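I opened my notebook beside the model and went looking for cross-links, strands and open space. Here is what I wrote down, in the order I looked.

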Amino acid sequence: MALKLLPLLSFAVLANAHMAAFHKAMYCFNGTTAGQVNYNNNDPVSPLWMLTTSDWWFHHTNKCDEFPPAEGDFLELPVGESFTVEIADNRGVTSLSFDGQYATAWGDGENHPDDYSISNLDGAPLTSSGCIGSPNMHTQNQSMAAGTAFAISYDQSDISKVTMENLAVFTVRYNTPWQRVTSYDVPKDMPACPADGCTCAWVWIPDGCGEPNIYMQGFKCMVTGATSTTPIATAKAPVWCEEDQSTCTQGAKQILIWNQAEGNNIAVSGNDQSGHSKSPAYNSKCGFSDGEASIRWLQLGRRA
């Protein structure tokens, strides 16, 4: 009985909660208290803002990176197909806790209209910045959701040895975060991981609707069904290129780091073409395409 009540008590204070991608292969899946399983875990959802590199990197700010998934648990990446994660504000509202009894189509465990927006809230809260308040997706509607992405490092299965240069974005999903169950595409020519797996990262930068922060969390991942042996190139920093796509970074791209105390790899000023303040994102404004990255681009300029 206590387990059934625990989520309801927690959800009462989640009005300002943010989002993370939940899967058993994520770091701090069970929370950040050693020896305890937190079925209401929301440790990975906190945003990253004006932190040192050592703190924003793989969400070290609350030691999330120090709690790896269980041995043998991998986020499987089937080449030429797709994989699924659950984007939510708390593990308790996913299928990964309480036998999924508190999970709905949305990442807050509530029911919302199919055309959910600030003009059709159906009783849900509005934030002080005039955006959807629950779940806190930093958007006014689906079309304005900035986009999320996954990146992969083949060089190191040890998360502490992953670098910006060997962590390359390989798949993007436009107009997310949105509903809880979210799928991402895998390039058909992705090479295999080492026997002990690769390290992946889920990343997101909201476009307005509050503090201009970033999100980053780690996973143990494994490419399956691979036949290619061509490595991915060294990742390079993306640039703002909304006005001229020919100026976008070509080849493998790094994740976007913005508004941190150190380690930023992009700077913007002024307004975008819609008239809003520029905000780097995993969409065409910074040269990211929806779906899997072209393996040709991921291998462009690869290491000898």
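Entry: I looked up Cys-200 and found a disulfide to Cys-221, with 2.2 Å from S to S; a disulfide here is a pair of cysteine sulfur atoms within 2.5 Å. The torsion about the S-S bond of Cys-200 and Cys-221 is about 90°, so I noted this disulfide as right-handed. Cys-200 sits in strand 7 and Cys-221 in strand 8, so the pair ties together parts that are 21 residues apart in sequence. Strands here are DSSP runs of E with at least two residues, and helices are runs of H or I with at least four, both numbered from the N terminus. Cys-200 and Cys-221 are both buried, where buried means under 20% relative accessible area, exposed over 50% and partly exposed in between, with a 1.4 Å probe and protein chains only.

**Entry: ground rules.** I am working with a predicted model, in which local features need pLDDT of at least 70 and side-chain atom pairs count only at pLDDT 80 or more, while totals for chains, interfaces and linings use all residues. Residues are numbered from 1 along each chain as its sequence is written, and side-chain values use heavy atoms, with hydrogens and water left out.

**Entry: the other links I checked.** How many disulfides does the rule give? I get five disulfides, and with bonded cysteines counted along the chain the pattern reads 1-2, 3-7, 4-5, 6-8, 9-10.

Cys-28 is joined to Cys-64 by a disulfide, S to S 1.9 Å. With -70° about the S-S bond, the link of Cys-28 and Cys-64 is left-handed. Cys-28 lies in the loop between strand 1 (20–22) and helix 2 (53–56), and Cys-64 in the loop between helix 2 and strand 2 (75–78), so the pair ties together parts that are 36 residues apart in sequence. Cys-28 is buried at a relative accessible area of 0%, and Cys-64 is buried with 0%.

Next I took Cys-131 and Cys-209, a disulfide with sulfur atoms 1.9 Å apart. The torsion about their S-S bond is about -75°, so the Cys-131 and Cys-209 disulfide is left-handed. Cys-131 is in the loop between strand 3 (82–88) and strand 4 (148–153), and Cys-209 in the loop between strand 7 (198–204) and strand 8 (215–224), so the pair ties together parts that are 78 residues apart in sequence.

Entry: Cys-286 is buried, at 0% relative accessibility.

Entry: I traced an open sheet of six strands in the order 2-8-7-4-5-9, with mixed pairing; two strands pair if DSSP finds at least two bridges between them. Strand 2 and strand 9 (291–292) are the edge strands, each pairing on one side only. Strand 4 and strand 5 (residues 168–173) pair in the antiparallel sense over five bridges, and Phe-150 stands opposite Thr-171 in strand 5.

**Entry: the largest pocket.** I found about 420 Å³ of space in the largest pocket. Of the 21 residues lining this pocket, the closest to its centre are Met-144, Asp-207, Asp-272, His-276 and Lys-285. A pocket is an open set of points on a 1 Å grid over the protein atoms alone, where a 1.4 Å probe fits, with protein on both sides within 12 Å along at least five of seven lines; lining residues have an atom within 4 Å of a point. The volume is the space filled by probe spheres set on the points.
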